[in-house]
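Please look at the sequence and the 3D structure shown here, and keep both in view while reading the report.

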Amino acid sequence: AQPLVVHFIGDVVSHLDNLFADRVPQPAADDDDAASTSKKTAAKGEDGAAAVPLETESDDDDDDGSADGSVDDLEDIAGIDAGAEGGRGELLYPRLRQSLTKQGYRLIGSHSGVKLCRWTKAMLRGRGGCYKHTFYNISSYQCMEMTPSLACANKCVFCWRHHTNPVGKEFTWQVDSPEFLVEGAIAAHQGMLKPMKGVPGVTPDKLAEAMNVKHCALSLVGEPIMYPRINEFVELLHAKHISTFMVTNAQFPDRIAALSPVTQHYLSLDAPTKEELKAIDRPLFDDFWERTIASIKALRAKTQRTVFRLTLVEGYNMTGLEDYCRLIELGAPDFIEVKGVTYCGNSDASPITMRHVPFHHEVVKFCDALAKALERRRDERAAREAAAPAAKPAKVRGVIGGDDVPGQHTAAASSAAQEAGLPPCDAPLASTRNSNGYGIACEHEHSCCVLLADHRFRRGGAWHTWIDYARFFELFESGRRDFDALEYSAPTPGWAVFRSDERGFDPAQTRHYRKKRAVPGGGC
C-alpha cells in the first residue's frame with residue numbers, strides 16, 4: 001500500500017505545482033525523429049502462438065511505442081479542479097510535457113500537440129503512403145497529424161498512445177487561440193520535416209512540397225472535439241486549403257451536432273453493445289451508451305462525408321454482427337473503415353498483446369460477413385415493407401445536387417433502434433441520409449485496413465471513394481453548409497480497389513521489406 005500512497009501524493013504535488021507555479025517554458029523537442037527505427041514485431045500463427053521469422057515492411061508501424069505506461073485521470077486526483085475560479089490551469093503540466101516530448105511530440109501552447117506520422121516519412125522517401133492515401137487520395141507526405149486537445153473522455157484498452165494523456169469529462173483548462181494553434185502546428189510540423197533533408201530517397205523538390213501542408217488528421221491523441229473553439233480552428237485550416245479529417249469518440253453528441261463541415265468526419269465505433277463498449281473503451285461518463293447513440297444520430301444528420309471506424313481486437317469486439325448492423329443502420333455512414341488493432345508494445349495500462357491482433361485475411365472475412373449481414377437485413381426489411389399496407393415513401397437526399405429520391409432509411413433506422421431497445425430516431429434525421437447497402441471498396445493490406453463504402457459511391461461500375469479536394473474547398477467557400485458527400489467525390493484508381501494485385505500499395509512507390517525475427521510468446 002505504501003508505494004501506491006507515495007505515487008498518489010506525488011501526482012497531487014505535481015498537479016499543485018502546475019496550478020500555482022508560473023508558466024513552465026515548453027522544452028525543445030528532439031529534431032532527430034527521422035532517425036527513429038521500426039520496432040520489432042511478432043506475428044501470431046492461426047492458433048494464436050508466435051509464428052516463425054517473417055517479412056514485414058520497414059515503415060508499417062504507426063508509432064514507436066515509447067511511453068511510460070502512465071495515465072493521469074483528473075477525476076481521481078484528490079478533487080483538484082484545473083479550471084477553478086481564480087485562473088485556469090494548463091493541461092500540459094510539467095510531468096506530462098516531459099513524457100510527451102520524450103515520445104517525439106512537439107507541444108503547442110498549453111493543450112495541443114503535433115507528431116510526425118511514420119507514413120509521412122515513408123511517402124517522403126518514396127516508400128508508400130498510408131491507408132488514407134489509398135482510400136481517399138491524401139498525399140501522406142503533406143499530411144499533418146495533430147490534436148487541439150490532448151485530453152480524452154475514454155481509457156481505451158487499445159490506445160496506441162499508452163494512456164499518457166490526461167482524461168476528463170469536459171475541457172476545464174486554459175484555452176489557447178485557434179490562430180495560435182494553427183500557426184504553431186504548421187511550424188512544428190515543418191520543423192520535424194527539416195531533418196529529413198539528405199535522408200535516402202528524399203529529394204529537395206519532394207521535401208519542399210512536404211513543407212506545404214495539404215491535410216490535417218485530427219486524430220493524434222485525445223479528443224479534438226473537446227477543444228472549445230474547434231469550429232474556428234477547422235475554418236482556419238480550410239482557409240489555408242488544408243483538408244480536415246476529424247476523429248471523434250462518440251461521447252460528445254452536442255459538440256458533433258454543432259461542428260462546422262469538415263472534409264471527413266469519423267466516429268469511432270469500438271464495440272456493438274453497451275457491455276462490450278464499457279469493457280473496451282473504459283469511458284468516464286456513466287451515460288456513455290446514451291451518448292454513443294446520440295452521437296451516431298448527430299453524425300447521421302451531416303451531409304458531408306461520414307465514417308464509422310471499427311478497430312478490431314480479438315477476444316473483445318469481433319463478434320456480434322447483428323448488433324453492429326443495428327448501429328450502422330442507425331447512422332448510415334458513407335464509409336466503414338475496419339482496421340486490425342495496432343500492437344504498440346507492453347503497457348501496464350493495457351492488456352493488449354500480439355494475440356489480440358487479427359491478420360489481414362481475418363479483417364477481410366469480418367468485413368465480408370458484415371456487408372452480407374447488412375444486405376440480408378435490408379432485403380428482409382424490404383420484404384416486410386412490401387407486405388405491409390402501402391405508405392408514402394420518405395424523401396431522402398441521395399444524388400448529386402440534392403435532388404430528393406424515395407428511400408427506406410427511415411424504416412431501417414427505426415427498426416434498428418427498436419431492436420437495440422432504443423427510442424425511434426428523431427423525425428428531422430429522416431430527411432438527411434439514405435444508405436443503399438455496402439460493399440468492400442478498398443484495402444490497405446500493409447496496415448491491415450479495409451474500407452466498406454455505401455453503394456452510392458459506386459457509379460458507372462467504378463468506386464468513387466477518393467476526394468476531389470479542390471471541389472471541397474469550392475463548396476466550402478461558396479457559403480453552403482449542406483453540400484453532399486457525392487459532390488466532391490472522385491474515382492478510385494484500380495490499384496486502390498479491393499483485390500487488386502497491389503493490395504492498396506501505390507505502384508508509383510517502392511515497397512521495402514526487412515527481415516524480422518518473431519519473439520517467442522508473441523511479444524515485441
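## What is shown

This is a predicted model, in which local features need pLDDT of at least 70 and side-chain atom pairs count only at pLDDT 80 or more, while totals for chains, interfaces and linings use all residues. Residues are numbered from 1 along each chain as its sequence is written, and side-chain values use heavy atoms, with hydrogens and water left out.

## The chain as a whole

The protein chain holds 14 helices and 18 strands, where helices (H or I, at least four residues) and strands (E, at least two) are DSSP runs numbered from the N terminus. Of its 524 residues, 58% are buried; buried means under 20% relative accessible area, exposed means over 50%, and partly exposed lies in between, with a 1.4 Å probe and counting protein chains only. The accessible surface of the protein chain comes to about 21,100 Å², and 53% of that belongs to carbon and sulfur atoms; such areas come from the Shrake-Rupley method with a 1.4 Å probe, and for residues only the protein chains shown count as cover.

Contact means that heavy atoms lie within 4.5 Å. Among the contacts in the protein chain with a separation of 6 or more, 77% are between residues 24 or more positions apart.

## Nonpolar cores

In soluble globular proteins, nonpolar side chains tend to be buried together. A nonpolar core is here a set of buried Ala, Val, Leu, Ile, Met, Phe, Trp, Tyr and Cys residues joined through side-chain atoms within 4.5 Å. The largest nonpolar core has 94 residues, of which Met146, Phe233, Phe308, Ile336 and Val338 touch the most other members. Helix H12 (residues 360-387) gives the largest share of this core, 8 residues. Apart from it lies another core, of 31 residues, among them Ala122, Ile467, Phe472 and Leu486.

Which residues does methionine 146 contact, leaving aside its neighbours within four places in sequence? The list includes Ile108, Val114, Ala185, Leu218 and Phe233.

In helix H2, the residues Leu96, Arg97, Ser99, Leu100 and Thr101 are buried, and strand E2 (106-108) is part of what covers the buried residues of H2. Threonine 101 has a relative accessible area of 16%, and its side chain reaches the backbone oxygen of arginine 97 at 2.7 Å. After H2 comes glycine 104, whose phi is positive, near 105°.

Strands E2 and E3 pair in the antiparallel sense over 3 bridges, pairing being counted if DSSP finds at least two bridges between two strands. Leucine 107 stands opposite glycine 113 in E3, and in the hairpin of E2 and E3, with 3 residues between the strands, glycine 109 takes a positive phi near 60°. From strand E3 (residues 112-115), Ser112 and Val114 point one way and Gly113 and Lys115 the other way, all of them buried. E3 also pairs with strand E4 (residues 143-147), in the antiparallel sense and over 3 bridges, and the bridge partner of lysine 115 in E4 is glutamate 145.

## A buried lysine and the cysteines

Lysine 339 belongs to strand E9 (residues 335-340) and counts as buried, at 8% relative accessibility. Its side chain is joined to that of threonine 342 by a polar contact of 3.0 Å; a polar contact is a pair of N or O atoms within 3.5 Å, where within protein one must be able to donate a hydrogen and the other to accept it, and residues adjacent in sequence count only if both atoms are side-chain atoms. Lysine 339 and cysteine 449 are 110 residues apart in sequence, yet 4.3 Å apart in space, C-alpha to C-alpha.

A disulfide is a pair of cysteine sulfur atoms within 2.5 Å, and by this rule the count comes to 0 disulfides.

## Two residues with positive phi

Most residues other than glycine have a negative phi. Asparagine 137 is not a glycine, yet has a positive phi of about 70°; asparagine 137 is found in the loop between helix H4 (131-136) and E4. Arginine 503, also not a glycine, has a positive phi of about 55° and is found in the loop between strand E17 (489-490) and strand E18 (513-516). Asparagine 137 is partly exposed, at 25%, and arginine 503 is partly exposed, with a relative accessible area of 25%.
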